[in-house]
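Subject: Structure handover

Hello,

Here is the structure I promised to pass on. Please open it first, then read the notes below.

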Amino acid sequence: VLFRSKRVQHDCEERSARFVVAFIPGHAEVDGALSIDTGSIRGQTACRQAFFACADELSLETIDLLPYFKQAKEAGLSVRTTFARDMHWTETGHAIAADAIASVLAEAVVR
C-alpha cells in the first residue's frame, strides 16, 4: 500500500492534480452510538486513529466526514443516514457525504 500511495502521490504531483482521501465514519459514530456495544465504538475509534496516522505519515490530504454527519444530526436531521441492517449509507447519508466533499474541494480550489 505504501508503494502504491507514494506512486499515486507522485503521479498526482506530476500532473498538478490533488489526491484527497475521505474518511467514512462508522455506523456507531453516525447513527447507532447509543444502541451499539462499546466494543464497536472502540473499534471504530481505533480505525479512525489508524487511518489518520497512516494518511499523515504518507502526507495525504484527507477529508473527515464525521463532523458533517454530526452537524446534520445536530441540525435536526431525524432520518437515518445508514441502514440499520447493513450499515451502508441511505440516500440521506450519501447526500451529506457528497455535500461535504463538494464543499471541501470547492473551498480548496478557491485558495
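One definition to begin with: buried means under 20% relative accessible area, exposed means over 50%, and partly exposed lies in between (1.4 Å probe, protein chains only). A second one: helices (H or I, at least four residues) and strands (E, at least two) are DSSP runs, numbered from the N terminus.

This is a predicted model, in which local features need pLDDT of at least 70 and side-chain atom pairs count only at pLDDT 80 or more, while totals for chains, interfaces and linings use all residues. Residues are numbered from 1 along each chain as its sequence is written, and side-chain values use heavy atoms, with hydrogens and water left out.

The overall layout

The protein chain has five helices and two strands. Along the sequence they follow the pattern α-β-α-α-β-α-α. Of the 111 residues of the protein chain, 30% count as buried. The accessible surface comes to about 7,700 Å². Carbon and sulfur atoms account for 58% of that surface. Accessible areas come from the Shrake-Rupley method with a 1.4 Å probe; for residues, only the protein chains shown count as cover.

Contact means heavy atoms within 4.5 Å. Take the contacts between residues at least 6 apart in sequence: 60% of them join residues at least 24 apart.

The strands

Strand S1 covers residues 20–23. Its side chains alternate. Val 21 and Phe 23 point to one face and are buried.

S1 and S2 run parallel and are joined by four bridges. Two strands pair if DSSP finds at least two bridges between them. Ala 22 stands opposite Ile 63 in S2.

The core

Which residues make up the largest nonpolar core? There are 10: Val 30, Ile 63, Leu 65, Leu 66, Phe 69, Ala 72, Trp 89, Ile 96, Ala 97 and Ala 100. Helix H4 (66–74) and helix H5 (91–110) each supply at least two residues of this core. A nonpolar core is a set of buried Ala, Val, Leu, Ile, Met, Phe, Trp, Tyr and Cys residues joined through side-chain atoms within 4.5 Å.

Phe 69 is worth a look. It is in helix H4. Phe 69 counts as buried, at 1% relative accessibility. Leaving out residues up to four places away in sequence, Phe 69 touches Pro 25, Val 30, Thr 81, Trp 89, Gly 93, Ile 96 and Ala 97. The C-alpha atoms of Phe 69 and Thr 92 are separated by 9.9 Å, and the two residues are 23 apart along the chain.

Helix H4

Leu 66, Phe 69 and Ala 72 are buried in H4. Down the axis of H4, its buried residues fall within an arc of 130°, so they line one face of the helix. The arc is that of the directions from the helix axis to the C-beta atoms. Gln 71 and Glu 74 are exposed, on the face turned away from the buried side. Gly 76 follows H4 and has a positive phi, near 100°.

The salt bridge

The structure holds one salt bridge. The side chains of Arg 48 and Asp 64 form it, at 2.8 Å from N to O. Arg 48 lies in helix H3 (residues 38–57) and Asp 64 in strand S2 (residues 61–64), so the pair ties together parts 16 residues apart in sequence. Arg 48 is buried, with a relative accessible area of 13%. Asp 64 is partly exposed, at 25%. A salt bridge here is a side-chain nitrogen of Lys or Arg within 4 Å of a carboxyl oxygen of Asp or Glu.

The loops

Thr 90 sits in the loop between H4 and H5. Is Thr 90 buried or exposed? Thr 90 is buried, with a relative accessible area of 11%. Beyond its neighbours within four places in sequence, Thr 90 is in contact with Arg 80, Thr 81, Thr 82 and Phe 83.

Ser 16 is not a glycine, yet has a positive phi of about 55°. Ser 16 lies in the loop between helix H1 (2–14) and S1. Ser 16 counts as exposed, at 70% relative accessibility.

Best wishes
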